[in-house]
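Thank you all for coming.

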Amino acid sequence: MSNPLLEFQDLPPFSHIHAVHVEPAIDQLLSESRQHIEHLAIRVQDFTWENFIQPLENIKDRLNKVWSPVSHLNAVMNNEALRTAYNNCITKITEFNTALAQDQRIYNAYHSIKLGTGFSQLNSAQQKTITDALRDFHLSGIDLPEDQQQRFRAIKQLLSKLTSQFADNVLDATNAWKKPVSDETQLAGLPDSAKAIAKQTAAANQQPGWLLTLDFPCYYAVMSYADNRALRKEMHDAYVTRASDQGPHAGQWDNSKIMEEILALRHELALLLGFSNFAEYSLATKMADSTAKVMDFLHDLASRAKPYAQKDLDAVTRYARAHHNMDQLEPWDITYYSEKLRQHDYAITQEELKPYFPEPVVLNGLFDIVKRLYGLDIQPVHGIDTWHQDVKFFAISDEHNQLRGKFFIDLYARPNKRGGAWMGQCIGRKKQDGRIQTPVAYLTCNFSPPIGTDPALFTHSEVLTLFHEFGHGLHHMLTQVDNISVSGINGVAWDAVELPSQFMENFCWEQESIDLIARHYRSGEALPEALFAKMTAAKNFQSGMQLVRQLEFSLFDFRLHLEYDPSSGARIQETLDNVRQQVAVVKSASYNRFQHSFSHIFAGGYAAGYYSYKWAEILSADAFAKFEETGIFNRSTGKQFLHAILEQGGSKEPMALFKEFRGREPRIDALLRHRGIAA
Ligand code: ZN
């Protein structure tokens, strides 16, 4: 029987891949890979890069290339059959990977290459591949006695199952809540665009009237604009209690126990490897060198930001009282009155800017910006097989007409698509037999879809998100490293990985770049100067409150993993309450269960690593400051950034690359200045 997953050469044939293909393909591939590795381990005598590491890298790459479309489809076109197949395979792949990481013969081979005379002749990417691999062997328990190795493997298995269940619960709970509205007055205050989307959603569900969902664009529009306070509360309650023991679906997709188990297992895993907690284990592969350093960094930033956050909250509280007779602001009121205050202070709403950010203009402008910065040309490619009609495909070539990368872009929110925005790897770059494997990325967002025949119109914060993910995409696609384990974002320390992404966000705030990405979708008129001035004046509107919120997430995540104590359990709510007391200024509802949908740390790669966003922002802000100093489209600064940061990926340590670009170590000044906080 033919299996599209095993037959494709270049891009995955998405429309031909079905759930029924997944398990047979992975079974066959794992069995072939095992045989091949056995053969290598037994046959090869004098281990070298060429006769051992390269073939092994190719085996892993082949598996990744087949698994990537499966895991991508599971995230963006989820259904019951695919989910089952995915979950079954995750078990098998985890087993394969941990067995590989604990194979003494393979470890010995790497070790002998590291000690051998040939090592010094390898290039820096190859050397770092080997050094990273040896570190990862230790982090996978290569030094442990057999019974403990076995326990390590069991923990890995359990963790992959639990984290996958966590994400499934969040998706199901998000999809489960829907509110039909038949009376338009219920939606008073909502912009026409949000109402039109709700109407479109109802029609797609064969329903009259409007249908509200917990998809982020819909949820956020209601929280920002709906005059109906009861409606805001109802949606707020549904949103902040997803997958928990509270709210309209209390207990139905409850992640409480899963979170407890995840934290207990992570702690046990860290102890097995000789760390005192999972936070320490997490830092073993990161740029930050101690848990104390991370805590100091977060506390320092929190103490600088909190007075600003308090001022922000006081301002909105005063405003609501003075102008709307509202004495007690509840959590479902803050966004609503904040939006009104923004309008009052700066005469600008998110909604007003949307007509100036139609999708085609924003995309072309973004492409134009990377052309100016790095000399790249981005063109659409038609006739590519994708997973949904809304997906588009592009190719990037450089000024020498060399193809550098390709990407899928999937912009709109829809049911059965995981929320948030992310960049995923479809294919990574490597060089084999003189031939380059071109990197391919998935860029996934959950923006407001187009209404009728108009193009999709983005809020400025959606534009920021697009630039952010595109920055990750460039990091993945522009790499010039030939060794796949350290090409693109592979092998980049997690707390440095947000450098290229956050760096790109800066271009959404500069006049010169706004000129390229903003144009009225009907009149074609540029963003009026007055509107731009208001937009930048409002840039740091409530930035103190936003910053402490990010710090709340970071501290909660880090302390949860740092302070775990088996005798008292995970104390999740307690830790969150404690952190909130320390840094938050907005009081959350007592039944708020934000943590139950905090997929970053319970289902993504950010466990004891959410601080990375702020940590990397020091790097990204300071890197952008060089552009502020030399001109934001300065070609030589652009080239330096391209060569030092984007092209070298994980082939060197992030501090070395940063210094190569900046000529010195990073400083925090630019971050504070960009956020409107005194140094
Ligand atoms: Zn990111």
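**Cysteines, zinc and cavities**

A search of the whole structure finds 0 disulfides, a disulfide being a pair of cysteine sulfur atoms within 2.5 Å. Cys426, for instance, is in no disulfide, and the nearest cysteine sulfur to it, that of Cys445, is 17 Å away. For Cys445 in turn, the closest cysteine sulfur is that of Cys508, at 12 Å, which is too far for a bond. Cys426 is buried, with a relative accessible area of 4%, and Cys445 is also buried, at 1%; here buried means under 20% relative accessible area, exposed means over 50%, and partly exposed is in between, with a 1.4 Å probe and protein chains only.

Before I go on, a word on what we are looking at: this is a predicted model, in which local features need pLDDT of at least 70 and side-chain atom pairs count only at pLDDT 80 or more, while totals for chains, interfaces and linings use all residues. Residues are numbered from 1 along each chain as its sequence is written, and side-chain values use heavy atoms, with hydrogens and water left out.

Let me turn to the metal. Which residues supply the protein donors of the zinc ion? They are His468 and His472, each through NE2, and Glu498 through OE, lying 2.1 Å from the ion. Donors are taken as N, O and S atoms within 2.8 Å of the metal (3.2 Å for Na, K and Ca), and since water is not among the atoms, sites may look incomplete. Along the sequence, the donor residues follow the spacing H-x3-H-x25-E. His468 and His472 are 4 residues apart in helix H17 (residues 460-477), so about one helical turn separates them; helices (H or I, at least four residues) and strands (E, at least two) are DSSP runs, numbered from the N terminus. Both of these histidines, His468 and His472, are buried.

Next, the empty spaces. Rolling a probe the size of a water molecule over the atoms shows where empty space is left. The search uses a 1 Å grid over the protein atoms alone: a cavity is a set of points where a 1.4 Å probe fits but cannot get out, a pocket is an open set with protein on both sides within 12 Å along at least five of seven lines, and lining residues have an atom within 4 Å of a point. Grid points are joined across faces, edges and corners, and a volume is the space filled by probe spheres set on the points.

The second largest pocket has a volume of about 310 Å³. Its lining is made up of 13 residues, of which Lys293, Trp615, Ile618, Met655 and Pro666 lie nearest the centre. Helix H13 (291-324) and helix H24 (612-630) are the elements that give two or more residues to this lining, and H24 gives the most, with 3 residues. By class, the lining of this pocket has 9 nonpolar, no polar and 4 charged residues, where Ala, Val, Leu, Ile, Met, Phe, Trp, Tyr, Cys and Pro count as nonpolar, Asp, Glu, Lys and Arg as charged, and the others, Gly among them, as polar.

The largest cavity has a volume of about 60 Å³, and among the residues lining it are Trp177, Leu214, Arg242 and His249. The lining of the largest cavity divides into 7 nonpolar, 4 polar and 1 charged residues.

Finally, the backbone. Most residues other than glycine have a negative phi, and most peptide bonds are trans. Asn416, although not a glycine, has a positive phi of about 65°; Asn416 is placed in the loop between strand S5 (403-412) and strand S6 (422-427), and is partly exposed, with a relative accessible area of 35%. Arg571 likewise has a positive phi, near 45°, and is found in the loop between helix H21 (543-562) and helix H22 (572-583), where Arg571 is partly exposed at 26%.
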